[in-house]
Amino acid sequence: MKKRGYYLVGMVVGLCIMVVSQLPGTHAKMVMCDVGQGDAILIIKGKTQVLIDGGPSSEKILSCLEQYVPFYDRTIELIVLTNTDFDHMNGLSAVVDRYQVIHFVTADGVHSSAGLDKLIKKLAINKVIVGAVERGDRIVVQAKQGLDKLEFSVLWPPDTIEQYVLVFSDQMQSVEREQILGASAKRGDLNERSVVLQLLEDNKYVLLTGDAGDQAEKWLVAHDSLPMVDILKVGHHGSKYASTQEFLEIIRPEIAVISVGEKNTYGHPTTETLDRLSKVGATVKRTDQDGTIVLEL
Amino acid sequence: MQKLKIWLVFISLFGVRWYFLPSPLPSDWENDSVVAYTATILEEPEYSDSKTIVRSGSWYIALDGYTPIIPGSRVRFEGIVEPQIQLGKVTRVVMKNAIIKFHGRTRGSAPTNIMIMLGHWRKAWVGQLQRTLPEPMASLSGGILLGVKAQMPRDFYQALVNTGTLHVIAASGFNVSVVAAVLMGVLMRVVSRGWAIGGGIGGIVVYVLIAGASASVIRAGIMGSLTLIAYYLGRPTEARRLLWVSAGIMLLASPLMLLDVGFQLSVAATAGLLYLGPRIKILSSSVGMTTYVQSILANYLYPTLAATIATLPVILWHFGTVSWISPIVNLLVLPIIPLIMGMSAGILVGGRVMAWLTYPILAYMVWVIRLFG
């Protein structure tokens, strides 16, 4: 009995030390997970966690979550999938399986893949609430028993076709789903239907652009009064077809983070984009060089 | 003289069995011929990020993309195969990019249905660990408790290999032997010998069931329990004999087992407990320690140590290197393995609270392995 008592005390003490060492700080944090070629951004504020994309593999995103989400918190309040390319989506199935995910939102840039089939199944099994977002939406995220709120504005895409997002429902017949995915894929560059989010936190503007490129940027420059941003998630891994000079001149990011894989075959980030970023005086951080990047907000 | 005769008889019987062993591949098989394999799937496949992986007997089949297969389905796989040949026999058949055809569900015999049910349970248990613990703690506890190594982060798996601790998840035989030995050792001090043996067997049965009752686990369970019972009944010579007899019978029943890492580890671990265990005890008693410390060591550390030393050559043979840090790391983590097993089993019942209590211990083990690996 005595011995058992020691074990229990030891375990409880161990538990307390682990809890204290993993308590989140008072400020919000943006974690750009090093997932290789792909995107996965975790934003944490107190008990509230938002994951934007899940990278190309379950292993990398889970290891990032292990490091930055306290072990006792198994809830992710919101997942935003900016587009259904595998390098943004494939890691999410495992996250949905292992964490209690409350909401999942995306836009209509959907196309068919084995990874999508898997994610649809996992979302349904785990009863995650799926929604469509479009320009003008405001997303307020707050943990159930927490006070910490994160507020996002959706800047892009306009006029999301909700029917396309319905493919995430497992009630849909597979024939109908294939038709919709086929129709969606015919619309040209689906990267331009990526979800673009703006986060205002503690007077800091963060712009998260997914895979959006010059067309979306051009539209935003013409129709929006874009603020100067503190942190820019550089569009489409630093592709030359994103981060136009015109766009950068307006938002003038202080820090530009690029999520990109070492020695990737796409040539990301391109020298053109890096030049344009340095012209506006942005400090560039890259996951292929710096590993996982953590920024206090 | 009699021993030699028995050995000779065994070796010649084994030789005959080995020679007439049928190949899983058709006799006219060539490098690029398409092979078909039909089986009833008992357990849900593993899903990697881009593949669906089915393991069935000596077959390892990979399908591109996400293909759900409900346990109990009768399916036919077709594709080009790469057989792995050891000592002139096909031990494993790898079929990549297989094409699958479904043949409906089978009604299934009672054993099939039990296996399917255990598969469901095991999946639910692994899921419970994955939902309550982060990685790599989740896959570590799943590996130690259930021998599941799928979905373990590659860098952590490599760290286990580097530190020579892969056996904690690779071989259920090792776990069965250690758990039974520790359980019996502890129980012997509290209750009568009969009850202790009962408890040990009970522990093994529970373990075999939750580990999915695959052939390899059942095998380890039978061997471990037979020999340990004999040992704790105070007949160590009988126990040693029983170990070799049961190993021999299993080999005659299924000769390919000789090449199976799990089998080798089971035999080595049990042999270690039976042959080395008592010697370590004698050695340490001459060093002179208080009886309390000695009793803890005797019940907990010695069985672990004995099994580790005995399995070392097997690990060296299969996993290449045993680095100089391996004994240190093993010494640092092995004493907590039975504790992790017990507590991980507790997570299946106790859920999140139990997971929180287990987390610091798993975190310690992960920390040690990452530090040295």
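Predicted model: local features only at pLDDT ≥ 70, side-chain atom pairs only at ≥ 80, totals over all residues.
Strand β10 of chain A is joined to strand β11, residues 231–233 of chain A, by three bridges, and the two strands run parallel. Within this pairing, Leu208(A) stands opposite Lys233(A) of β11(A).

Strand β9, residues 196–201 of chain A, pairs with β10, residues 204–208, in the antiparallel sense over five bridges.

Lys127(A), which is not a glycine, has a positive phi, near 55 degrees. Its position is the loop that connects α5, residues 114–125, with β6 of chain A. As a reminder, most residues other than glycine have a negative phi, and most peptide bonds are trans.

In chain A, His268(A) and Pro269(A) are joined by a cis peptide bond, with omega at about -10 degrees. Pro269(A) is placed in the loop between β12, residues 255–258, and α10, residues 271–279, of chain A. In chain B, a cis peptide bond joins Glu135(B) to Pro136(B), with omega at about 0 degrees. Here the proline, Pro136(B), is in the loop between α2 and α3 of chain B. Please keep Glu135(B) in mind; I shall return to it.

Let us turn now to the open sheet of chain A. What is the order of its seven strands? The order is β6-β5-β4-β3-β2-β1-β14, and the pairing is mixed. At the edges are β6, residues 129–132, and β14, residues 293–296, each of which pairs on one side only. On average, and with direction ignored, neighbouring strands of this sheet are turned by 20 degrees against each other.

Inside this sheet, β1, residues 29–32, and β2, residues 41–45, of chain A run antiparallel and are joined by four bridges. Met32(A) has Ile41(A) as its bridge partner in β2(A). Helix α2 of chain A, residues 58–68, lies across β1, β2, β3, β4 and β14 of chain A, and it runs at about 20 degrees to β2(A).

Finally, the interface between the two chains. How many residues does the contact take from each chain? It takes 31 residues from chain B and 24 residues from chain A. The buried area between the chains is about 2,500 Å², and carbon and sulfur atoms give 56% of it.

There are three salt bridges between chain B and chain A. One of them involves the residue I asked you to remember: the side chains of Arg98(A) and Glu135(B) meet in a salt bridge, at 2.5 Å from N to O. Seven residue pairs are in polar contact between the chains.

Which helices of chain B each supply at least two residues of the side that touches chain A? They are α2 (110–132), α3 (137–146), α4 (154–162), α11 (291–319) and α13 (337–372). The largest share, nine residues, comes from α13(B). By class, the side of chain B that touches chain A comprises 19 nonpolar, five polar and seven charged residues.

Notes:
Residues numbered from 1 in each chain as written. Chains lettered and ligands numbered in written order. Heavy atoms only, no water. Pairing = 2+ DSSP bridges. Axes fitted to C-alpha atoms, helices over the stretch in contact; angles between N-to-C directions. Contact = heavy atoms within 4.5 Å. Buried area = accessible area lost by both parts, 1.4 Å probe. Salt bridge = Lys/Arg side-chain N within 4 Å of Asp/Glu carboxyl O. Polar contact = N/O pair within 3.5 Å; in protein donor to acceptor, adjacent residues only side chain to side chain. Nonpolar A, V, L, I, M, F, W, Y, C, P; charged D, E, K, R; others polar.
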